[in-house]
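Visitor: I am new to this structure and would like a guided look. Could we go through it together?
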Amino acid sequence: MDRIWTGLNKPEGLEDAKLGDYFDLKFSSLPHKLLQPENFEQAALALRSQFVDAKSSEYVFQPEYKRRVPADGFPRYAEAVWEKVVSNKDLDLPTQQELLAQYRCDEIAAAALIPFRAAIDALRPRVREGEIVQGLGEVARTARSQALGAFDDQAARYHSEVYAKKRSAFVQTLDGELHALALNQVKNALSQAADTFSSQSHKALEKAESSDRSFSVVVGAVRKRVSTWFNDLVDSLTIEGAEWTLAAEVKQLEAMLDTITAKLREAEMERALKQLRRQAQDTLSEAVADRLNNPDEAMWSGVMAGFDAANAEAEQQLRRRMDMAEVYGGEQRSKLQRALRSGVWEDMVRALKEEVADQMVLLKLRSKLEDRFRYDEAGLPRVWRPSDDIDAQFAQARSAAQALLPLFSRIDTSASSTLPQPVSAAVGTFFPPGFDVERSLVLISASRQRELGKRFGREADALYLEAKRAMVTTQNHVPVWVMVLLVLLGWNEAMTILFNPLYLVLTALVAGSAFVLHNLRLWGPAVRAVGGLVNVANDHVHELLVEAVNRTDPGRNRDAPAEGRSRRQARSEEIEMDPLGDSSKDSSVSRSSNSSHTKMSQNDIQIKSPDEVKSYPATMKVYTRTGDKGTSSLFTGERRDKNDAVFAALGTTDELSSMLGLAIAHLESTPASSLIPRLETIQCLLQDVGSNIATPIASKSQAKVKRTRFDAQSVHCTRLEEWIDEYAENLPVHRSFILPSGGLAASTIHVARTICRRAERELVLLLEDIDKETFMFVNRLSDFLFVAARWVAMQQGVTEKIYVHQAGRNTEFDK
């Protein structure tokens, strides 16, 4: 050892240093364990005491031996020193101590990070998935404190400067991982805070709509709750002594809430505009319909007065809503006011255009013509006499009706007290810049006016011809000279009857019977009864003749009776296949006791049982092959393409009747089965509706048009209204849209209602060719089916589903 020491390179000034100046050397030997076991045991115990007994004079770990090298690091230290001595023959103990401290501090830090990361990694996936983990700050602080404690306990024994540097690096590692985790948590909290603030503010604003609470009060209360929750979360994540903070995230939240508040204010004003426009639209629609249905010179004055009133009320409400929403900027307020005015104006123009649609204009013109032509100044129907100047009256009425076309064609704003004059000056002041107000003034273009004028002219001519025919009919009478000639020629016969008691009694009976039949209007039944008797007698005589022929010649035509039956069945087929409403075949129908015609009363329709209804003959063929080329025949005999509007309407009414039949099947044996007779009644009436549709009014066959006249006295519409009132009286009041629901039967009736609406839309194209009562009946029928579906649901105890706005809806789709 002395030789090795002497050969070492020593620092300057220590060249003469001795080995004993730095090391105390002691060598121990033990007896042989096998040859001297007892001595070996005693010597080993004595050697052990030198390491564990601090009171021993030979205790190895004396205080003066400590050189800032902990015992757990001494083996590494000694190995490094010896390696340095052997390899470089150099001895630099301070450097070796620093190297040892660095090595051990790294080992201790790595060991302390294991439990720290185990505690943090358990929460990290939940935070990354967007969850806000409760107690995350407490877990982070505990894990950090434990890791630092473990590091300090072990590493503080080594070189102080190295320890301080390593501790700082270790703290940065811990805080870096905790900061990243806290940022993810705060990011999740920012997203949730924004969503919560937006949704809760929307709900709070809807609830506060009817109150006088301002926008800032409502939104401010929600913002305070959200900010408090977020700040508490940030405080829970703050770690004392950490170099990082979350102040930037708090400012980010405030910026996000400011942006959302601005959007909420904008959305609140948009919602206010929509509500105010809807309220104004309801008022304007009634005013527009009332004024245009009673057109006169003051029509536009009344319309513009309604616009001024609705706009003034809407602006007043808008100013109140802007004050509540704290919209104080002058330009912003002016922009909202102009948007409201243009919206109210567009709604009024839309209502006007609905009222001046082609069919509506023709109805108004025709109504005006009929009021002036068919009724006098007192409102009584005119009865034209030969002395009346029908041509002049018609010309005046037609001129008055045609004068409405220019009146309807353009909006006259001169009477408005709100709109600037000329109206083009309102753009940019009253209306938003770029608003095309001039174009919106035109309701009916010049080309449409000419087309409507032609169509109205044809309708007016038809009305004139009808009145002319009525007057000609009243002028028909037997000339006087013909009456005198009849008296002269029949004088002898009259005297014979007067002076013959038998003839006189027979004549009196015939005349009395005719008088009774005429006054009671029984000519039709009488003619049908006589016709039926004649047919029965004819058949009976025919059968007698056939039997007589067979008896005379048995081998001749054994199938004659069958042929007779076939002829009778053929006549029966003609009876059954008569179009609905054709009374010309009534005399044939009356001779069958099993007639399938329905009996109609003032209150309802009585439907015969299936046993009473005559079935079609077995030989009747359903197919005719007449429609194979894509055309079909109306009741008038006119052939049209199968895609014609008439057949579309007929198909829809048939579809509606079929759906009602399905509803009846679902209603059987249910608490709502009392509705079945009324639905069957409606099915029969739909057959009559089909007859009226299949017989255009403009047809040349006016006899068939009269036979298919539908509900001339509006009895059926009145009856439907009574049914609607009866069912609606016991139904719960609905303040929201009702979704088609309520069970199988009720839902089927809802489907029938939608089909009825489609039939109504298709009949609009045929208003000129059908009776107005037909359209009224179909329109009223859809209302009845809506009420009937609700009534069926109530009777069956099924709860109806109502529409819920998206803001309050929580469905699988929303999830």
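**A guided look**

Guide: Let us begin with His202, whose place is in helix H7 (residues 160-207). Helices here are DSSP runs of H or I with at least four residues, numbered from the N terminus. This is a predicted model, in which local features need pLDDT of at least 70 and side-chain atom pairs count only at pLDDT 80 or more, while totals for chains, interfaces and linings use all residues. Residues are numbered from 1 along each chain as its sequence is written, and side-chain values use heavy atoms, with hydrogens and water left out.

Visitor: What is the relative accessible area of His202?

Guide: The value is 35%, so His202 is partly exposed. Buried means under 20% relative accessible area, exposed means over 50%, and partly exposed lies in between (1.4 Å probe, protein chains only).

Visitor: What separates the C-alpha atoms of His202 and Glu268?

Guide: They are separated by 8.6 Å, and the two residues are 66 residues apart along the chain.

Visitor: How do H6 and H7 pack?

Guide: Their axes are 11 Å apart, at an angle of about 170°. Axes are lines fitted to C-alpha atoms, for helices over the stretch in contact, and angles run from 0 to 180 degrees between N-to-C directions. H6 and H7 are therefore roughly antiparallel to each other, a term for angles over 145 degrees. Their crossing is right-handed, meaning that the near helix is turned clockwise from the far one by less than a right angle.

Visitor: What should helix H6 span?

Guide: Helix H6 (residues 136-155) has 20 residues and should span 28 Å at 1.5 Å a residue; its end C-alpha atoms are 28 Å apart, which agrees. The expected span is 1.5 Å times one less than the number of residues.

Visitor: Which residues of H6 are buried?

Guide: In H6 the buried residues are Leu136, Gly137, Ala140, Ala143, Arg144, Ala147, Leu148, Phe151, Asp152 and Ala155. They cover an arc of only 160° around the axis, which puts them on the same side of H6. The arc is that of the directions from the helix axis to the C-beta atoms. On the other side of H6, Gln146 and Asp153 are exposed.

Visitor: At what angle do the axes of H9 and H10 cross?

Guide: The axes of helix H9 (residues 247-293) and helix H10 (residues 299-324) cross at roughly 160° and come within 9 Å. That makes H9 roughly antiparallel to H10. H9 passes H10 in a right-handed crossing.

Visitor: Changing topic, where is Ser669 found?

Guide: Ser669 is in the loop between helix H23 (645-667) and helix H24 (676-693). Its phi is near 60°, a positive value in a residue other than glycine. Ser669 counts as exposed, at 80% relative accessibility.

Visitor: And Phe456, buried or exposed?

Guide: Phe456 counts as buried, at 1% relative accessibility. Its place is in helix H16 (residues 446-475).

Visitor: Finally, how many disulfides does a search of the whole structure find?

Guide: The search finds zero disulfides, a disulfide being a pair of cysteine sulfur atoms within 2.5 Å. Cys105 is buried, with a relative accessible area of 1%, and Cys717 counts as buried at 3% relative accessibility.

Conventions. Helices (H or I, at least four residues) and strands (E, at least two) are DSSP runs, numbered from the N terminus. Angles under 35 degrees count as roughly parallel, over 145 as roughly antiparallel, 65 to 115 as roughly perpendicular and the rest as oblique.
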